[in-house]
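Let's take a walk through this protein together. Have a look at the picture first, and then we'll go through it piece by piece.

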Amino acid sequence: MQILTPHVYWAQRHSEIFLRVDLSDAKDLDISVQENNTLQFKAQGHGAKGDNEYKFSLEFREPVRTEINHKSTQRQVDIKIRKQEERWWDRLTLQEKKPLFLAPDFDRWLDESDAEMELQAKEEEKINKISVESRVRKDPYLGLKRGYLFMYNLVQFLGFSWIFVNMTVRLFILGQDSFYDTFHTTADMMYFCQMMAVLEVINPLLGLVKTGFFPAMIQVAGRNVILFVIFGSLEEMQNKPVVFFVFYLWSTIEIFRYPFYMLACISTEWKLLTWLRYSLWIPLYPLGVLAEAVAVIQSLAIFDETRMFSVPLPALLGGSLSFSYTLQIYLVLMFLGLFINFRHLYKQRRRRFRSRKRKVQ
Ligand SMILES: CCCCCCCCCCCCC/C=C/C(=O)SCCNC(=O)CCNC(=O)[C@H](O)C(C)(C)COP(=O)(O)OP(=O)(O)OC[C@H]1O[C@@H](n2cnc3c(N)ncnc32)[C@H](O)[C@@H]1OP(=O)(O)O
């Protein structure tokens with residue numbers, strides 16, 4: 001039997017050398033690194049000259065470790081050898097003239113600067129992993145915080161789902177007639193959910209969530225003015241169809257937002273739910289604020305008439321200042337609030353979809 005030399009392909013990184021020996025179904029492998037820095041390879045396999053015994057030796061340019069990592073597959077034998085010192089070599093062998101059987105492995109080939117960048121990226125990844133792990137380890141209350149947020153989101157989800165389903169069923173059964181008694185059938189649950197929602201302003205203050213304090217405050221205060229001041233205190237407003245539209249728009253977004261947060265608490269994501277959470281507000285938010293503005297405008301005359309919440313003034317100045325003036329200022333603030341939150345949600349949407357795109361690349 002002839003003894004032949006297989007084709008050998010090589011590539012390097014700062015700390016290691018990769019050799020790919022073009023020998024299929026190799027068996028009886030005998031691979032070692034001698035003390036004189038020479039790799040000895042011998043195996044039986046199918047190479048360029050058919051089934052034969054193939055062997056070669058390579059004296060490396062610089063010292064390498066004697067431990068060898070190798071794997072034989074149906075197509076080739078992969079060998080990984082660690083360099084003694086982390087250094088870029090200008091060639092593989094001690095002899096300047098490259099052996100004829102040796103060629104660069106272009107599948108793995110990197111020049112020095114690319115290898116440095118790869119090394120840097122690996123280092124950064126390691127540092128990031130360590131810092132995430134230590135952050136997670138450092139917070140002994142993480143489980144408790146997540147548990148609390150999960151329960152909060154669950155309760156809100158159930159509350160708003162109840163309102164949404166109740167209103168939808170009544171709409172199907174009663175048609176437009178259901179518009180007139182939305183408040184009487186759902187207000188208690190809405191009061192409960194909106195009072196709980198005050199926690200959404202407290203949570204970012206306590207550092208429990210990354211939400212901005214101002215967007216949350218605008219959202220909660222805005223809704224509570226409508227719910228408690230306009231609808232809650234004026235019986236004349238309670239059977240108006242506008243209540244239906246306001247409650248329906250609020251609950252539509254919340255039955256997607258809270259489950260999205262619940263999944264975030266258990267580090268899970270459903271793509272469709274994420275898309276709905278970061279897209280539905282585009283039509284719903286302006287419509288919601290429009291419905292709220294209609295409610296405020298409808299209440300102006302009632303506040304003028306009933307003098308409720310009016311500020312007493314000296315008789316010379318007309319006796320009292322109607323609350324409707326405050327509400328007219330509030331109407332302007334509403335559109336300012338809409339602008340601030342629209343911008344906030346737009347940024348959140350871009351951040352969310354941009355980081356997901358990056359992860360996919
Ligand atoms: C006298 C008072 C004067 C005040 C003036 C007020 C003027 C009022 C005008 C405005 C009126 C608005 C009234 C409202 C109308 C409507 O609601 S209409 C219906 C449509 N509405 C919506 O679409 C808005 C829905 N609301 C929201 O989206 C929020 O409330 C928000 C504060 C506006 C924005 O949410 P935000 O939390 O900032 O964004 P997210 O990306 O979702 O979250 C950031 C990160 O925080 C995590 N997180 C947040 N909350 C929780 C939680 N409860 N549980 C777990 N995790 C949470 C979230 O997962 C994000 O984390 P990362 O993914 O890691 O970034």
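How many bridges join strand 4 to strand 5? There are 6, and the two strands, residues 24-33 and 38-47, run antiparallel.

## Before we go on

What you see is a predicted model, where local features need pLDDT of at least 70, side-chain atom pairs count only at pLDDT 80 or more, and totals for chains, interfaces and linings use all residues. Residues are numbered from 1 along each chain as its sequence is written, and side-chain values use heavy atoms, with hydrogens and water left out.

A few words on terms. Strands (E, at least two residues) and helices (H or I, at least four) are DSSP runs, numbered from the N terminus. Two strands count as paired if DSSP finds at least two bridges between them.

## A hairpin

Back to strands 4 and 5: they form a hairpin with 4 residues between them. In that turn, N37 has a positive phi of about 70°.

Now find the open sheet of 5 strands, which has the order 7-8-3-2-9 and mixed pairing. Strand 7 (64-72) and strand 9 (102-104) are its edges, each pairing on one side only. On average, neighbouring strands here are turned by 25° against each other, direction ignored; the axes behind such angles are lines fitted to C-alpha atoms, for helices over the stretch in contact, and angles run from 0 to 180 degrees between N-to-C directions.

## Strand 3 and its neighbours

Strand 3 (residues 16-21) pairs with strand 8 (residues 77-83) in the antiparallel sense over 6 bridges. In strand 8, V77 is the partner of V21, and D78 is the partner of R20. Strand 2 (residues 8-12) also pairs with strand 3 in the antiparallel sense, over 5 bridges. A hairpin of 3 residues links strand 2 to strand 3, and A11 stands opposite F18.

## The transmembrane stretches

An unreviewed UniProt entry places "transmembrane region" at residues 147-169, 246-266, 278-303 and 323-346. Its positions follow the numbering used here, feature names are shortened, and annotations may be inferred rather than shown by experiment. Residues 278-303 are 88% helix and 0% strand, with end C-alpha atoms 37 Å apart. Residues 323-346 are 100% helix and 0% strand, and their end C-alpha atoms lie 34 Å apart.
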